[in-house]
Amino acid sequence: MNSINWDTLGFDAYRTRTVIISHFKDGEWSPFEATENFSLTLDPFAQVLHYAISCFEGLKAFRQKDGSIAIFRPDQNAARLKRTADFLGMPCPSQELFLQMCEACIKNNLEFLPPYGHRASLYLRPFLVGVHPQMQLTPYPEAFFVVLCAPVGSYYGQHMKSRAAVIPGNYDRAAPKGSGSYKIGANYAGTFKPYQIAHNQGYAELLYLNSATHQFVDEFGSSNFFGIKGNKYITPLSDSVLPSITNKTLQEVAAEFGMEVEKRPVPVEELAEFDEVGACGTAVVIIPISHIDRKVRLEEAEIAQSYRFCPDGEVGAASMRLYNRITGIQFGEQEDPYGWCYYI
Ligand SMILES: *Cc1c(COP(=O)(O)O)cnc(C)c1O
C-alpha cells in the first residue's frame, strides 16, 4: 500500500481507498457518505446509460512546501459544474456541498496525497450522473454526485517537453450553439477514435477548429489553446470552447507579467505568426506545442500545412515562465496574492 512511487505517477485511474457520494432524490441531496465500495448500482434504464446525462469536473489538491494542503480554485469548479448541470437540466450540489465533499475525499484518502517535492498532486474528479430509469427525453431530478480522487504526476516527470498536434479536418468537436462550452461526457465521446488515430501517427494532441466554418481555432480535445506573439497572450473567443480555469489563471498571470491579453477569434492562418503555442488544462497546466500539422483527412498521410513553433521537446520561454508561476503558487513556493489556494 505505501509503495507508491511518487516520481513515476502518470495520469491514470488509480484506485484509492474511499469515494464520496450523495444522492439527489425527492428534492434534496442526501447527507454525503464516504464509502470503500467503488461500485455504483444503476438501473439499466438510468438516463446516463442511454442519453449521456453526465458531466464532471477536474481539480487538484497539493501538499505544499510548508506541509499545508491546498485545493486550487475549487470555487471556480463548483460554479462551472452548476452551469453545466443547468444545461443538462440536472440538479446540482451547492458550492458548499461541493467543497465539503472534495475536502472529505482528500481527508479520507490522505495516504494518496503525494508529499511535497515530487511535482505530484491529488487529482479530484467530481461527477454528476442522471440515474432515473426512463425512456422519455425529459429532465428528471434524480442524480448521483460523486467525488473520486487519484494521485497524479506532473505529466513531464522532471522536465517539461513540447509535443506535436494535428488539425483533423474531417472531425469536429462541438456544433455551433451546441454543447462545446459545457463539461459533459458526451463532448468527449466523439474524440476517442480521432485521438487513437492521431496517437498512432505520433501526435499528442488534436486541435479542433470551429465547426461552422473551419476558419477559426477552437481548442484541443481536452484543453484550451493559447498562443504567444511577442508580448501578447492570445486565446480564442468562441461559444464552443470550454471555459478553462487554467486558461483564466494563465491570463491573470500573463497580465501580472505585463503581457497584453487578447481574447478574440483566432483565424487558422494566424498559427503561422505565433512564437509559442500551448495546450492548457488542470491535468497538465501547459503542454507546449512543437508544431501543428493541418490535415484534410486525419486518416491520410498527406499534410496540407504545417506550423512550427519550437523544435520537438523544447519549450518557449514565455510558456515556461507561466508554468513556473502557476505551479509555484500551487506548491506554496510563491506567494498567492490572488487567494487561489483553498486551504483545508
Ligand atoms: C476540462 C477541459 C479543459 C480544461 O479546463 P480546466 O478548468 O483548465 O481544467 C479544456 N477543454 C476541455 C474540452 C475540457 O473538458
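These legends accompany close-up views of a predicted model.

**View 1. Ser154 sits in a loop between two strands.**
Start by finding strand β8 (143-152) and strand β9 (163-168); Ser154 is in the loop that lies between them. Is Ser154 buried or exposed? Its relative accessibility is 12%, so Ser154 counts as buried, because the limit for buried is under 20%. Now look for its partners from elsewhere in the sequence: setting aside neighbours within four places, Ser154 is in contact with Arg119 and Tyr323.

**View 2. Met135 is an exposed loop residue.**
Here the loop runs between β7 (121-130) and β8, and Met135 is part of it. With a relative accessible area of 57%, Met135 is exposed, because exposed means over 50%. Which residues does Met135 touch, not counting those up to four places away in sequence? They are Phe45 and Tyr51. Another methionine, Met320, is 185 residues from Met135 in sequence, and the two C-alpha atoms are 50 Å apart in space.

How many residues are around the ligand? There are 15, and those that come nearest are Lys183, Tyr188, Ser244, Thr246 and Thr282.

On its own the ligand has 380 Å² of accessible area, and the protein covers 96% of that.

Key:
Residues are numbered from 1 along each chain as its sequence is written. This is a predicted model: local features need pLDDT of at least 70, side-chain atom pairs count only at pLDDT 80 or more; totals for chains, interfaces and linings use all residues. Side-chain values use heavy atoms; hydrogens and water are left out. Helices (H or I, at least four residues) and strands (E, at least two) are DSSP runs, numbered from the N terminus. Buried means under 20% relative accessible area, exposed over 50%, partly exposed in between (1.4 Å probe, protein chains only). Contact means heavy atoms within 4.5 Å. A residue is near a molecule or strand if one of its heavy atoms lies within 4 Å of it. Accessible areas come from the Shrake-Rupley method with a 1.4 Å probe; for residues, only the protein chains shown count as cover.
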